[in-house]
Structures are given as structure tokens and as C-alpha cells.
Amino acid sequence: MQHDAHAHHAGHGQPSDSMNHRHDAHSGHEDHGSGGHGQGHGHHQHGGGVSWGMAARATLHCLIGCAIGEVLGMVIGTALGWHNAPTMALAIFLAFIFGYSFTMFTILRAGLSFKAALKVALAADTLSIAVMEITDNSVLALWPGAMHAELTDGLFWYALAIAFAVAFAVTTPVNKWLIGRGKGHAVMHQFH
């Protein structure tokens, strides 16, 4: 259907038919995102079709991986008697590792190679995880006593839960913006 429309481009030099041919050619493109080849891409264009629910699911996906990595890093740092800076560095590092791993697991199950899956995970999650980590660690750093609370203290878990909630709220609009431009988790949707 679209090939016929493109074939009419040869007659652009004729004034009376050129407008009709251009219109015919572009009418083939109007349906590009609504069916067939473009179906998986249509709702990711220009941000208008991206729902808050889609953005929230993408953010939750990142949050789960980040939370596991971050808590594991804090447990390891505390168990080894490390100070705040190295413990936080380990927690952030593991947040990225677990965040990427969750995405890669999904993509590897779809049949991609490890190298291809890593590229997709880096494209899908890097900005989202970075925003999440900056936000939740900033909340913890600004919360009085949170950085010095032990794992057995209620303050530690309460502050961490609030920090993750704030990170989720800040990162969701970022993911909505990314998905609307075909970036972030939009690059993963073909593998679900």
C-alpha cells in the first residue's frame, strides 16, 4: 500500500497532479503507527500517547532492581563496618547492577545475545536509575540521622521507604518523557 503511494512521486513535476500525489503519498503514512509494522511504535511517539500507568510500571521496574541493590549494598557495608561514603558507593553500584540485571533477564529470555541485551538495558535504564539514585540518596543525606542509623533502627527503614517513594515520584515523569520520545523503557517494549 505504501509502495504504491511512493511510486507516484515520479510525477511531482506536473502541477495539476502533484498536490494529489503528495496527498496520496502522505495518506499512506498516516496509518503507519496504527497497524502492521508501526503498531509497536505508534503509542511511543511525541509523548501524547504515553500513559502515566506505563511510566509508573517502567519506574517500578527500575525501583525494584535499585532497591534490592541498594539495600544489599547497605547491608554489606554495615556488616563490614564501612563508613557512609564507601557504603553508599557500593549501594549505588549494586543498584545499577540489579537494575540492569532485571531488564537484561527479560531481554535474554526473548532470545537476544548477552551483548545485545546489555545495550538495550543500558539504553532503557541508565537515566531512570541515575535519577532514582540521585533522588533517594539526596533524601537520605538530608534526613537528620538517616545516614547514621543502623540496619536495626526503625529510622533507617522508615527513611529508606520515604526516599524510595520520593524517587518513584520524581522518576515517573522522567520515564514518561523518555518513553514518549522512543527512549528509556520504550526500547524494551518489543521484548515484552
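This is a predicted model: local features need pLDDT of at least 70, side-chain atom pairs count only at pLDDT 80 or more; totals for chains, interfaces and linings use all residues.
**Around Gly69**
- Gly69 and Leu94 lie 25 residues apart in sequence, yet their C-alpha atoms are 4.4 Å apart in space.
- Once neighbours within four places in sequence are set aside, the contacts of Gly69 are Ala91, Leu94, Ala95 and Phe98.

**The chain as a whole**
- You will find six helices and zero strands here, so to read the chain along its sequence is to read α-α-α-α-α-α.
- The chain has 192 residues, and 36% of them count as buried.
- Take the contacts between residues at least 6 apart in sequence: 66% of these join residues at least 24 apart.

**How H5 packs with H6**
- Helix H5 spans residues 114-142 and helix H6 spans residues 154-180; their axes come within 8 Å and cross at roughly 150°.
- Angles over 145 degrees count as roughly antiparallel, and H5 and H6 are therefore roughly antiparallel to each other.
- The crossing of H5 past H6 is right-handed.
- On the H5 side, the contact is made by Leu127, Ser128, Val131, Met132, Thr135, Asp136, Val139 and Leu140.
- H6 contributes residues including Ala159, Leu160, Ala163, Phe164, Val170 and Leu178.
- Sorted by class, the residues of this H5 and H6 contact are 14 nonpolar, four polar and one charged.

**How H3 packs with H5**
- Helix H3, residues 52-79, has an axis that comes within 10 Å of the H5 axis, and the two cross at roughly 50°.
- H3 and H5 are therefore oblique to each other.
- H3 also makes a right-handed crossing as it passes H5.
- From H3, the residues that meet H5 are Thr59, Cys62, Leu63, Cys66, Glu70 and Met74.
- Their partners in H5 are Asp125, Ser128, Ile129, Met132, Glu133, Asp136, Asn137 and Leu140.
- The contact of H3 with H5 divides into seven nonpolar, three polar and four charged residues.

Notes. Residues are numbered from 1 along each chain as its sequence is written. Side-chain values use heavy atoms; hydrogens and water are left out. Helices (H or I, at least four residues) and strands (E, at least two) are DSSP runs, numbered from the N terminus. Buried means under 20% relative accessible area, exposed over 50%, partly exposed in between (1.4 Å probe, protein chains only). Contact means heavy atoms within 4.5 Å. Axes are lines fitted to C-alpha atoms, for helices over the stretch in contact, and angles run from 0 to 180 degrees between N-to-C directions. Angles under 35 degrees count as roughly parallel, over 145 as roughly antiparallel, 65 to 115 as roughly perpendicular and the rest as oblique. A crossing is left-handed if the near helix is turned anticlockwise from the far one by less than a right angle, and right-handed if clockwise. Ala, Val, Leu, Ile, Met, Phe, Trp, Tyr, Cys and Pro count as nonpolar, Asp, Glu, Lys and Arg as charged, and the others, Gly among them, as polar.
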